[in-house]
Each structure stands twice: as C-alpha cells, then as structure tokens.
Amino acid sequence: MAQKIIFDTDPGIDDAMAILFALASPEIEVVGLTTVFGNVHTDLATRNALRLLEFAGRADIPVAHGAAKPLQIDFDEPAAFVHGENGLGEVYLPEPTTAPDPRPAAQFIVDMVMQHPGEITLAPVGPLTNIALALLLEPRIVERVAGVVLMGGAGAVNGNVNPAAEANIWHDPHAADRVFTAGWPITMLGLDVTMAVQMDDAYLAELRSSRTGEFIYDISRFYLEFHRQVHGVYACHTHDPSVIAYLIDPTLYTVEYGPIRVITEGIAMGMTLWDRRGEWHRPNPWTGRRSVGVCTGVDAERVLALYRERITGG
Ligand code: BDR
Ligand code: CA
C-alpha cells in the first residue's frame, strides 16, 4: 500500500523537483501539500503549489495555505537569488485556476492525521513552522503520525546559511526545536546527504525525454547558475527530492541516531546540535530526548538512477 504523506513545502525549485518525483512514484500517495514561507513568501508558495499540481494533472490533491512568518523571530527574506523571483527559476507556469483548501495548513495537518491514525507521514521540506503550529493545536498528533521525514539541518557538516545553520532550520529555529523534541519518530535528511547527491548539466539534460523532465530541466537553469556562483559547481544539490527518495527506499541511506536540539539564538542560531555521544557525567538538555535518525551516508548513484527512472518513466 502506498505511504500517505503530507508534503509541507515552500516551492522553490528543488521543492518542485520533489513534488513531481512524489507524484510519479506509486509507493507514495500525496494526501496534501501544505505551504510555508521560505524560498518565497507563503502567498506565492501556495500559488506555486497549485500551479505544479495543475501542471501534473493532479489538481485533485488539496493545497493548504500555511504560516507566513516564523513563531518568534522575523522572516528574513525570500531566497530570490537561489530560486528566482517567482520561486521556479523564472519559468512561468499559468496562474492557477484552482483554489486552496479553506483550512490553514496546521489545521489541515491535524485533521488528516487524526482522521488516519498511524497512516500519515509528515514530510516537511521548508521551515518547520506549520508542523510546530499543528503540534500546538493538537499534541496528540505525536502518537497518531506514522513519522516525520524532513529535509533540513546539518548533522556532522557545516550549514549553508553560515557554518552553523541550514536554511530551513535557520528560518524558524524555535519551531524546529519543538519538532525535533516532540517525541515522535523523526528522520532528518540534512546537508550531510543532500549535498552529496549532485545533478549535473548532463544528467538534467537526460531528463528532457519526458514533459515533466523538460520542465525540471528548464527550472534547473537558474538553480545551476546559483550553484556555479556560490558552490563552484555547475550542478545542483539534491535537497528536497532526498525526502522522497528516502520514503521510497530507505536502504539508499545510512542512518545514525541521537537526540537533536536546535540553537535558537546567538551566532549559532539554527544549528541542529546532534548528540552523538549519549554518555555524560551530568544530565543536559539532550538527556532523555527521543533519538532522531540522522542520514549520514547515501548511495548517490542509486538516488540519481531512481529519480531519472521516475521522471522519464524509463
Ligand atoms: C533547503 O532550503 C531551500 O532553499 C531548499 O528548498 C531546501 O529545502 C536547503 O537548505
Ligand atoms: Ca524547500
């Protein structure tokens, strides 16, 4: 049976690449997209989510409009230099003709999880604000989800906003700390593994044999230019699609365990500080917290092969 997921997203080029991957994968049933600020403001994230579903012929999937700002800090600004002014690499899909679900994202998450106990995996690939708000609305979702599998953070490597912080966690560290310490089963696909899988220009060109792949190639132009300027490679990191790859086939990844706390202020704000030791001479804020599964290794070739197969259909 397909795994039911709620994909919480700020589309976003790699978000779009992940959504189209999920929709092309029979192992996954997307029961809803929930939107959040991050790569773009939430209004645009919602319109992009609707656009992408219409492009894929899946306007039957609900989109719930989410938080417009972090729990306790200000929203810095959208990442137009990474994803383009429109969030999709300056490739313009038509205005959506469909409308979002009337419920706010956090309420949508609570309703779906409570209606389908044990069945829904939350798959956030943006700031964790909607997930934290859902926890505040209905704490019992901790026992009712199948799990949380997220893109964000950095286990044993530097961040990408600064040495400490990865972008999704940095945007709302207070929400992220709530999510990492809620006590539910949680797996983190952080920069340790998402930067280890690179889609280069030749790989992206191969995707063009399908209509979906042609679109992914087109939106990747802007993203490759950003990676060239900032990372010195003409290839893009595979951030958000990694969550879908993990859900389809967890054997693609090596997972290690330990509790995570998120630093919420100071120069390390947004750092996912992971306890890999576990043994201390006195209790600390990590003691007694449920372990997070942190992906530390990945079979990049197999992830790329899986993505290509699903996007090109062959
Ligand atoms: C994360 O930040 C966003 O720019 C991407 O969509 C991804 O979710 C990578 O740090
Ligand atoms: Ca994202």
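Me: Is the crossing of H1 and H11 left-handed or right-handed?

Reply: The crossing of H1 and H11 is left-handed. The term means that the near helix is turned anticlockwise from the far one by less than a right angle; clockwise would be right-handed. This is a predicted model: local features need pLDDT of at least 70, side-chain atom pairs count only at pLDDT 80 or more, and totals for chains, interfaces and linings use all residues. Residues are numbered from 1 along each chain as written, chains are lettered from A and ligands numbered from 1 in written order, and side-chain values use heavy atoms, without hydrogens and water.

Me: Why is H1 called roughly antiparallel to H11?

Reply: H1 (residues 13–23) and H11 (residues 211–231) pack at about 165 degrees, axes 10 Å apart. Roughly antiparallel means an angle over 145 degrees. Therefore H1 counts as roughly antiparallel to H11.

Me: What makes H12 roughly perpendicular to H13?

Reply: H12 (residues 241–248) and H13 (residues 300–312) pack at about 95 degrees, with axes 11 Å apart. The range for roughly perpendicular is 65 to 115 degrees. So H12 is roughly perpendicular to H13.

Me: Which residues of H12 and H13 meet?

Reply: Pro-241, Ala-245 and Ile-248 of H12 meet Val-303, Leu-306, Tyr-307 and Arg-310 of H13. Contact means heavy atoms within 4.5 Å.

Me: What makes Asp-14 a polar contact of ligand 1?

Reply: A polar side-chain atom of Asp-14 lies 2.6 Å from an oxygen atom of ligand 1. A polar contact is a pair of N or O atoms within 3.5 Å, so the Asp-14 pair qualifies. Asn-39 has such an atom 2.7 Å from a ligand 1 oxygen.

Methods. Axes fitted to C-alpha atoms, helices over the stretch in contact; angles between N-to-C directions. Helix = DSSP H or I, 4+ residues; strand = E, 2+ residues; numbered from the N terminus. Parallel < 35°, antiparallel > 145°, perpendicular 65-115°, else oblique. Polar contact = N/O pair within 3.5 Å; in protein donor to acceptor, adjacent residues only side chain to side chain.
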